[in-house]
Every structure is written in C-alpha cells, then in structure tokens.
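Here are some notes from going through the two-chain model. Have a look at it first, then read on.

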Amino acid sequence: MIVAKIMYINIKYPIMITKETIDSFINKIPPAPKALKETLLHLNTGDLIKAANAAKEDKALSSYLKILVNKPIYGFKNEVSEVSQIFGILGVSRSRQAVYNYMMTLLSPSKWVLFKLNRVVFYNLQADLSMNWQKILTHLDIDDSDILSSISLLPASIIVSEALFCEKKKDVELLRSVNQIDLNTILQRLCGVDLFDICQQIAQKWEMPQKISDILQAASGLKPSEDEMTNRLGKWMHLLLFYTLSQSKYIQAELNDFIDFQIDYVSDIYEEFSNLMEIT
Amino acid sequence: MRAVLKDGIGFFTPQGFLDGSSGNSFLSIDDIEATIAQNANMILVSLKKVIFFNRNGLDSFVKMFQKVRSANHCTVGFCDYDTKKYNAIINFYQDDLSFSLFKTQDIAMLFSANYKNQNKNILLYNEDKSQRAAMAIELHDNGHNPIVAQSLNEFNEKSNAENAYDIIITDTYLGQMGQKVATRVTGNAIIYTVSSFLDAEIGNTFNIAYHNNSLNVGFRLFIFDTYKVISMNVHALNFFSKLSSAGAEYNATICFVGMSFDKTPKEFKETLEDSGIMFFNQMDDILQNKELLEELGASSASNVKDKRAINKTTVTELPNFIDATVATIEMMTNSKAIKESANVSKMEIGSKDGKIASSIGFYGDMDGMIVLIFPIGIAKKACELLIGEETNDTELVLDTLAELVNIVGGKVKTLLADEKISVNITLPRTYPDIDSLLEIVQDKKGVQVDLSFNNDKFIFFLTR
C-alpha cells in the first residue's frame, strides 16, 4: 500500500533562477511606445511644446505625469493638470527625468509579491528619489540632463528583483534566515550577473544614454567606476538610495535590505550628504 | 525584518539611517518572538550597515529589548560597530545601560552558550573593572581562556604581540545576560547550560519537547553545564531525576559538569546519582576523553525505542518532505533533480566513499527524521551559494550543510503548516562519513528516495 503510493510521486520542480530566466525577462520587455519615443526625441532637442503634444497622445503617460508632479514632495501649491503646463514648469531636464520615470513604471508589476509595494508607494519612491537627486546635483553644481535622468533607472533594480524572485519568496526568506545574503549576491552567485547588469540591459533596450547605465553600475556600491565623476555620482546615488529606503514606508515595504548597503564606499561623502539633507 | 540565526544568536541587520521614525519599522516584537521560538538565546541588532543613528532610533529597539528580556530571559543588545558608535551608545545611556554591546558578531558568539568552538585565547580590556571581571567569568564558563588586561597600557602592550590571541575584545559591554537553558551540540553530545537558582521554574524553561526529539534522532549523551548554578531545590531535583529515568529507556546518559554542592544539600547528589546522573568537575573530563565518550553512549543509537515504524501519516506527507528537500537543493545547486527510485526499506547506500550526510528531526503533530546523503561534490556545490566560493574545507562544508538542512527543515515546517500540521524542528546534525550515520539509522526502516542531480546520486531518507 505504502509502496504503491510512493510510486505516484511526480517531481516537477522549477530551478531557482538561470541565465535563461533572465534572458526571458529581458526579451519580454516591450520596446518603448511610439508616443514615448517621440516625447523623448523632442525633449532631447529642447522643444517642450512638441514634446507635450506627443506625450498627450499617450494617455497613461499624461496621467502618470499628472500624478507624479502633484505629489507633495514636488511642492506645487495648485494642482497642475495639463501636460504642456507640467513640462513648462519642470523644464527640459526634469521633464525628461519624469518621462524616464514613467518608462520604469511600464516594467513594474500590477501586483507586487516579493515586496509589499503598490502603485502609490512605488510612485512615491520615484518622486522621493528624483527630488532628492535634483537637490544633490544642485549642491554639486551639476547641470546635466542625462545625469539628472539617471536616478530614474535606479528603481529598475527593485522591479527586476520582484520579477525574478517573486515566485521564490519563501525560498529566499529561508535562505536569508540562515545566511546574511542579499538578492543581488544570490543572483550573482547563481547566474554570474547582478541586478545592476540587468538594469543596464534594460537601459540599452530602451536606448537610454550610456552615462545613465554607468552611474547606476557605480551606484550598486560594488563596481566603482574608473571615471572620477561617475564614481562620485555613484556614491551619492548609493547613499541616497539607503537614505530613502530607511524611511518607514519603504522599510515596511521590505525594501531596506534587498541589496547590501556599502558603508565604506560612501564614507567620504557622508558628512557632506548629512549636512545637505539636514540629518541630526 | 527577519533575523539570521547563528549559534543560538538571532542577528537583525537594519541598513541605512536609524531615527525615531524608522526604528519601529525595522523590528517588531513578533520578529523577535519568532526568532526566540527557534531556540535563540541572544537577540542582537547589528549596526554594521547603519551609517547614522540617534538616541530615538536606538530607543525603539531598547524598549523592545526590555520587554523581550523580561519575558524570555535572553541576552539582548547591539553588535558590529566601531569605537565612535560604541562611545555614542555609552554616552546616550550612561548609567541606564541594561542591554549588552558586542563589538563584532564573533565576540558575541564567544558569550553564547551555543557556540561550539571553545578554547579560544582571548585578550580583553574594559576600563570598568567589574566589566572586565564579568566578561572573564562568562568567557571562562563558556570554555575559553580569557586574559584580562588591567590597564590600557597593559592592553596595548599585550595586543601588539603577534598571533598571541585568537580574539581581542574591546568596546564591549555586558548588560544582563540571559538565563535561558541554552543548547549546543558538541560532536554527538548535547550540552545544556543552566545557571543561578534551579527551582520549579526549570520545568518551564527547559525545552522538554526538544530534548525528547533529540533522543528520537539518536542523541544519547546530555551534559548539563552547571558551573554557574548556585543552588538547587527539591522541585529541580525531582525534575532532573525524572528526566534521567525517562532517558534510561533510550540508554541515554545525563551528566552534570561543574556542579557545586556548597549551597545545595549533599544528599541531593546521592539522589541524582541513584537516578543515573553522573557528575564531573570539568567539561574536558568528558569531551576530551574519547573512550569515556563512547562508553557513555554518545555515538551509539541502538535501542528498542528507536525502531519505530514509518507510518501512514508520515507517508501521506512524503511529497511535502521531498518537495522541500529537492526544491532547496535545486535552489542551492541551480541544477535539476530527477527521481530515480523510491522504496520503503532500511537504508541502502551502496558505496560509502566520498559521501557526507546530515539529518534533522521534526516533532509536534507528527514526528520523524529526514536524512540527506550527499556526494561531497553536490554538498560543496550546494554550499557555494552560502559560502560564496569553492572550498575544500570539510569542516566548513559540514557547517554550511547544517545551515542547508536547516533551510530544508524550515521549508518542511512551512509546507506542513499550509496543511494545518504544526511541527518544530531540532538542530541539524552532520556526519563526516557514512559509518557515523549508519550508527544512528542502520536498523531503521524508512522511505528512501534516490535522486540524481546532474548525474550525481543523492539519497533522501525519511524515518521515525
């Protein structure tokens, strides 16, 4: 009786994560929609009116821009509802950053499993990062549209983690209960690529400027750039990420330890950062 | 936030900035309780990845520490900081420091009764004389060799000597230490640490279910480290007498080490000896005497009670056990498992060469033991994810294998809980060779499933 029962056990288990899983994820990323491409094209030439007209063609983009800029952190007293008005207020660089932020939302899942996130919290995260990144660049006296937009790619690391690990949540939790290991390291050890490499592939697929990927790789805290400026920006972005992920709402979303905070990497800019952010 | 559990210590590792608004979000009482339920006797918050903290941020942890300490009697505090952070904490709390501070996780482990690597040469210094003494006593009780520097000059002088010490302790503070009955496994013996006054409370603090299941999975020697026991009353006497009598059915031996009868009636010793308990002055009198260890039954598992048959309940849940195991090994090796055969029989291993094994017991609504036999290649591969690199260090592989089996046990627990079956798991055991495993399981009947990972044979065995 017992033997008969055992013979019916059928083993069909998915393997953890492989290179194929990652390739499949990358392949499934749709190309940037036409209206979005046109919007970016006009923003790149500095033509805000044409950019706004192109953006209006994409209802989701228009709606996103409206939600984003009306978040309290943007500090507008009155509601801003027209795309042309939004672009006019933000200017070329920040409009471009906002459009890139929207591109990231196209990748985000409708329902989050690994992280306790939802659309509102994710948009807040994008807004928090964007506004503080602008503050940092102003402090560093940097006026560069690509660098301002680079922060938009950072949340892609969260989206990729969700996509790759959501079906393995319990396994990841068990693994992390016996060993202090972050998602980036698990991925690196399993497949030889890390979250930031995948983000770079996303950036390439969406034809984002190379500078954006370079800063993001440095912001991993694990791959310092040989270019001094890129490396410096990587440090600020890494510290900004953990400053942001230390907020109660993101800790509760279980984002605080999805990657390792590299304290040593940012130690030389910490004082300057804490003065800028008025941390007491 | 979840803790990483290591040698009886639950480590929580928040990252970034710690202030009054974020502190409560990092950790909840439920997180701590869940860690204590897994037999943690020390709860520490690591500050390794915290770049900024203020008093309010620490306060949210300290309040939880106080609640947990009074409810569970375990050691609580912070670890992994530099001198600047240490001074800041001392400055924040000054005369109100009720928790402990350990400069590193390695230092904290020295003070955990579950820590298995003893005999460390340790140089320690603290400007407070009573702290120096307290640390030296704790370290000595835990089987280490502490050398106390009485002044900063002496410390600087001694710490410059190359390779003289395994670990140097500074910037460490002992708050109230835990009173839980801590457990650690040394070889095939289980060591329980008891302290202070032994009374009726021992019946509550001693995990009898854990003890019984350790008997079931083959442990035969139980040593009570009683160096720190001040006295024992008649309720505790009865408890230990009964424990010893119950263990006799399994040929188990209970030993007391370091028990002083200065404040305990001398006739108690005779009563305990009559019930089969043996007394030793030093831990090394047992652990360093291999003949005695064997005689006391530490590596013998043969007795009638062990030969319990695998039952229908266990077999019904077999897919869960195999799921948990295979999914874990697949996850760790990133390779696919193929089932080759499944039988109910005594264990059949074939060639014993190049294999290591591990086991973990479970108990509660159902009980039993999972045994996993790995070709050393798979074991190394499976451990690579945790270690981060290839290794030929068998001891490291065995230690990591224990973590892996813990993951399997945790997964079994979760899968069974989904079916409303509640179980707890024992500490994992590892076996450096097949002969040492067979001493425990060779007469047991169970379900053996032969699996293949990338053509390497792997055996799963479920028994009771």
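1. The interface first. In this predicted model, 41 residues of chain B are in contact with 38 residues of chain A, where contact means that the C-beta atoms of two residues, placed from the backbone, lie within 7 Å. Several elements of chain B give two or more residues to this side, among them strand 1 (4-6), helix 1 (20-26), strand 16 (337-346) and helix 17 (394-418). Helix 15 of chain B gives the most, with 7 residues. By type, the chain B side divides into 21 nonpolar, 12 polar and 8 charged residues. Helices (DSSP H or I, at least four residues) and strands (E, at least two) are numbered from the N terminus.

2. Ground rules. Residues are numbered from 1 along each chain as its sequence is written, while chains are lettered from A and ligands numbered from 1 in the order in which they are written. As the model is a predicted one, local features need pLDDT of at least 70 and side-chain atom pairs count only at pLDDT 80 or more, whereas totals for chains, interfaces and linings use all residues.

3. Confidence in chain A. The mean pLDDT (the predictor's confidence in each residue, from 0 to 100) of chain A is 87, and 94% of its residues reach 70 or more. Where pLDDT is low, the predicted coordinates should not be read in detail.

4. Domains of chain B. The division is into domain 1 (4-169), domain 2 (182-305) and domain 3 (312-463), with bounds from an automatic or database domain assignment. Between the C-alpha centres of domain 1 and domain 3 of chain B there are 34 Å.

5. Strand 6 of chain B. How many of the residues of strand 6 (residues 75-79) of chain B are buried? The count is 5 of 5, buried meaning 20 or more other C-beta atoms within 10 Å of a residue's own, exposed 12 or fewer, and partly exposed in between, with C-beta atoms placed from the backbone. In a regular strand the side chains alternate between the two faces of the sheet. Here both faces are covered, with B:Thr75, B:Gly77 and B:Cys79 on one side and B:Val76 and B:Phe78 on the other.

6. Its partners. Strand 6 of chain B runs parallel to strand 4 (residues 42-46) of chain B, joined by 5 bridges, and B:Met42 stands opposite B:Thr75. Strand 7 (residues 100-102) of chain B is also parallel to strand 6 of chain B, through 3 bridges; there B:Gly77 is opposite B:Ser100. Pairing takes at least two DSSP bridges.

7. Helix 12 of chain A. Buried residues in helix 12 (residues 195-205) of chain A include A:Leu195, A:Phe196, A:Ile198 and A:Gln200. The buried residues of this helix pack against helix 2 (19-28), helix 9 (156-165), helix 11 (183-191) and helix 13 (210-219) of chain A. Just after helix 12 of chain A, A:Glu207 has a positive phi of about 55 degrees.

8. More backbone to check. Most residues other than glycine have a negative phi, and most peptide bonds are trans. A:Asp141 has a positive phi of about 60 degrees and is found in the loop between helix 7 (119-139) and helix 8 (145-150) of chain A. A:Asp141 counts as exposed because it has 6 C-beta neighbours inside 10 Å. For A:Glu254, phi is near 65 degrees; this residue is partly exposed, with 17 other C-beta atoms within 10 Å.

Terms used
Nonpolar A, V, L, I, M, F, W, Y, C, P; charged D, E, K, R; others polar.
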